[in-house]
Amino acid sequence: MPAVARAQTPTPGAPAPEPVTRELQRALAVATERFQALDSPGVLAHVSEQYRNGPFTKPALREHLLAMFTLYDTVRARVRVDEVRLVDGAAWVYSTGEISGRLRGIGVWTSALTWEREPDVVRKENGTWRLVGPGP
């Protein structure tokens, strides 16, 4: 959905309490740190076994991470949490960010993915916030 249309659509649920938002920001910081360390098991520890993005599942995400870590010798994720809403027992985390990498052997930085105020759904599983998939 274009950003203009999303801005005009009311966000569902209720604003998350500040402690929940801080907890989610800490979980995102740890996942980002693992990503930048090229640690696919560390990243995937923050992804639910029920993860789904269309036909894309957690095993497909694992393969995608391994391909990225082969293509890039250094990766960087810059993510800003814009808003967190609680909806039906899940947290909808709206974020803006960019993933970039330095091409292995060439040394050139390229942008791999950018997004603006996109929602992702996370749920607490066994005491850990885990990504379930994109929001609607």
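1. Elements lining the pocket. The lining of the largest pocket takes at least two residues from each of α2 (18-36), α4 (58-71), β4 (72-87), β5 (90-103), β6 (109-125) and β7 (128-134), and the greatest contribution comes from β6, with eight residues. Helices and strands here are DSSP runs numbered from the N terminus, a helix being H or I over at least four residues and a strand being E over at least two.

2. Basis of the values. This is a predicted model, in which local features need pLDDT of at least 70 and side-chain atom pairs count only at pLDDT 80 or more, whereas totals for chains, interfaces and linings use all residues. Residues are numbered from 1 along each chain as its sequence is written, and side-chain values use heavy atoms, with hydrogens and water left out.

3. Volume and lining of the pocket. The largest pocket holds about 1100 Å³ of space and has 35 lining residues, of which I99, L113, W115, D120 and L131 lie nearest its centre. A pocket here is an open set of points on a 1 Å grid over the protein atoms alone, where a 1.4 Å probe fits and where protein lies on both sides within 12 Å along at least five of seven lines; lining residues have an atom within 4 Å of a point. Grid points are joined across faces, edges and corners, and the volume is the space filled by probe spheres set on the points.

4. The lining residues of the largest pocket divide into 25 nonpolar, seven polar and three charged. In this division Ala, Val, Leu, Ile, Met, Phe, Trp, Tyr, Cys and Pro count as nonpolar, Asp, Glu, Lys and Arg as charged, and the others, Gly among them, as polar.

5. The sheet. Five strands form an open sheet in the order β1-β4-β5-β6-β7, with antiparallel pairing. The edges are taken by β1 and β7, each of which has a single partner strand, so one side of each is left without a neighbour in the sheet. Two strands count as paired if DSSP finds at least two bridges between them.

6. Bridges between strands. Strand β1 (residues 14-15) pairs with β4 over two bridges, and the bridge partner of A14 in β4 is L86. Between β4 and β5 there are 14 bridges in the antiparallel sense, with V84 opposite V93 in β5. The antiparallel pairing of β6 and β7 runs over six bridges, where K124 stands opposite W129 in β7 and E125 stands opposite T128 in β7.

7. Two hairpin turns. Which residue takes a positive phi in the hairpin of β4 and β5? That residue is D88, with phi near 50 degrees in a hairpin that has two residues between the strands; D88 is not a glycine, and at 74% relative accessibility it counts as exposed. The hairpin of β6 and β7 also has two residues between its strands, and N126 in the turn has a positive phi of about 50 degrees. N126 is exposed as well, with a relative accessible area of 81%. For these terms, buried means under 20% relative accessible area, exposed over 50% and partly exposed in between, with a 1.4 Å probe and protein chains only.

8. Helices across the sheet. Helix α2 lies across β4, β5, β6 and β7 and runs at about 165 degrees to β4, while α4 lies across β4, β5 and β6 and runs at about 140 degrees to β4. Axes are lines fitted to C-alpha atoms, for helices over the stretch in contact, and angles run from 0 to 180 degrees between N-to-C directions; contact means heavy atoms within 4.5 Å.

9. S40 lies in helix α3 (residues 40-44) and is buried, with a relative accessible area of 11%; not counting residues up to four places away in sequence, S40 touches L65, L66 and F69. T74, in strand β4, is partly exposed at a relative accessible area of 27%. Leaving aside neighbours within four places in sequence, T74 is in contact with S100, G101, R102 and W109, and the C-alpha atoms of T74 and L103, 29 residues apart along the chain, are separated by 7.7 Å.
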